[in-house]
Amino acid sequence: SSDVCSSDLKQKLKSYIYHIINWTVKINPIYYLLFFRSSKIILRTRETLGIIPKLFHYKCSVFLETGVDAFRIKQVSKKRVLNKAITTARVIDTKNVDQVIEVFQRLEEIVDRPLELTIVGGGPLKSFLQEKYASHKSITFLGKVPHDEIDVLLKEADLFLFCSIKEGGSHSLLEAAMSN
């Protein structure tokens, strides 16, 4: 109970500090001068737009949003029994989907029972890997699917496998974390 209170207090404190920092940006004269002299203000997220004084919003544009909308975050409770694994990625070299499959096969050996692996995503290596692992009935290649379906698949999975060696800001990891 005291851990929960401590955690809540820490969260409230972090939120309070965040709001103070945002507020200081809005009243800092140096920022005002920079915003005034700028012809364009490029932001990474829509959330950042809330920090910029409204007077300068006409100069702002969100260029590269690399996060997941906070309204989508809903805690998903799961039983920790490993049955279904999933990966969501373009099936290209740098995403290492072949390594995901190797890890999955090793997990099947460890638990000594069949598991399910769902591979969501298309790409130039999809048909090659699909052919290579055709005899492994526990592996399903879905290809590219609508985003709503990815959320459902993540919520149904027990484990997210991620072996990418190159990322610019992984939505997959954030979405998997949100799906617990």
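Predicted model: local features only at pLDDT ≥ 70, side-chain atom pairs only at ≥ 80, totals over all residues.
Glu-108 has its place in helix H4. If you display its surroundings, leaving aside neighbours within four places in sequence, you will find Glu-108 in contact with Arg-113, Pro-114, Leu-115, His-136 and Ser-138.

**Zoom out to the whole chain**

Colour the chain by secondary structure next, and seven helices and six strands can be picked out. Read from the N terminus on, the elements follow one another as α-α-β-α-β-β-α-β-α-β-α-β-α. Buried residues account for 33% of the 180 residues in the chain. Among contacts between residues at least 6 apart in sequence, 61% join residues at least 24 apart.

**Select the four-stranded sheet**

Now show S3, S4, S5 and S6 together: they form an open sheet of four strands in the order S5-S4-S3-S6, with parallel pairing. The edge strands here are S5 and S6, the latter covering residues 159–160, and each of them pairs on one side only.

Move to the pairing of S3, residues 84–88, with S4, where five bridges join the two strands, which run parallel. Within this pairing, Ile-86 has Thr-118 of S4 as its bridge partner, while Thr-87 stands opposite Ile-119 in S4. On to the next pair, S4 and S5, which also run parallel and are joined by four bridges; here the bridge partner of Thr-118 is Thr-140 in S5.

How many of the five residues of S4 are buried? Four of them are, and the strand is accordingly described as mostly covered.

Select Thr-87, which is found in strand S3. Is this residue buried or exposed? Thr-87 counts as buried because its relative accessibility, at 3%, falls under the 20% cut-off. Leaving aside neighbours within four places in sequence, Thr-87 is in contact with Val-100, Leu-117, Thr-118, Ile-119, Val-120, Phe-160 and Leu-161.

**Select the nonpolar cores**

The largest nonpolar core has 16 residues, and those with the most contacts inside it are Ile-101, Phe-104, Leu-117, Ile-119, Ile-139 and Leu-161. Helix H4 (97–111), strand S4 (116–120) and strand S5 (139–143) each supply at least two residues of this core, and the largest share, five residues, comes from H4. Centre the view on Ile-139, which, leaving aside neighbours within four places in sequence, is in contact with Ile-101, Phe-104, Leu-117, Ile-119 and Tyr-133. Apart from this core lies another, of nine residues, including Ile-150, Leu-153, Ala-157 and Phe-160.

**Look at two backbone positions**

Most residues other than glycine have a negative phi. Select Asn-96, in the loop between S3 and H4, where phi is positive, at about 55 degrees, although the residue is not a glycine. Asn-96 counts as buried, since its relative accessibility is 15% and the cut-off is under 20%.

Then go to Asp-112, found in the loop between H4 and S4, whose phi is near 60 degrees, again a positive value in a residue other than glycine. Asp-112 counts as exposed because its relative accessibility of 67% is over 50%.

Lastly, select Cys-60 and Cys-163. Cys-60 is buried, with a relative accessible area of 14%, and Cys-163 is buried too, with a relative accessible area of 15%. How many disulfides are counted? The count comes to zero, by a rule that asks for a pair of cysteine sulfur atoms within 2.5 Å.

Methods
Residues numbered from 1 in each chain as written. Heavy atoms only, no water. Core = buried A, V, L, I, M, F, W, Y, C linked by side-chain atoms within 4.5 Å. Buried < 20%, exposed > 50% of the residue type's maximum accessible area, 1.4 Å probe, protein only. Contact = heavy atoms within 4.5 Å. Pairing = 2+ DSSP bridges.
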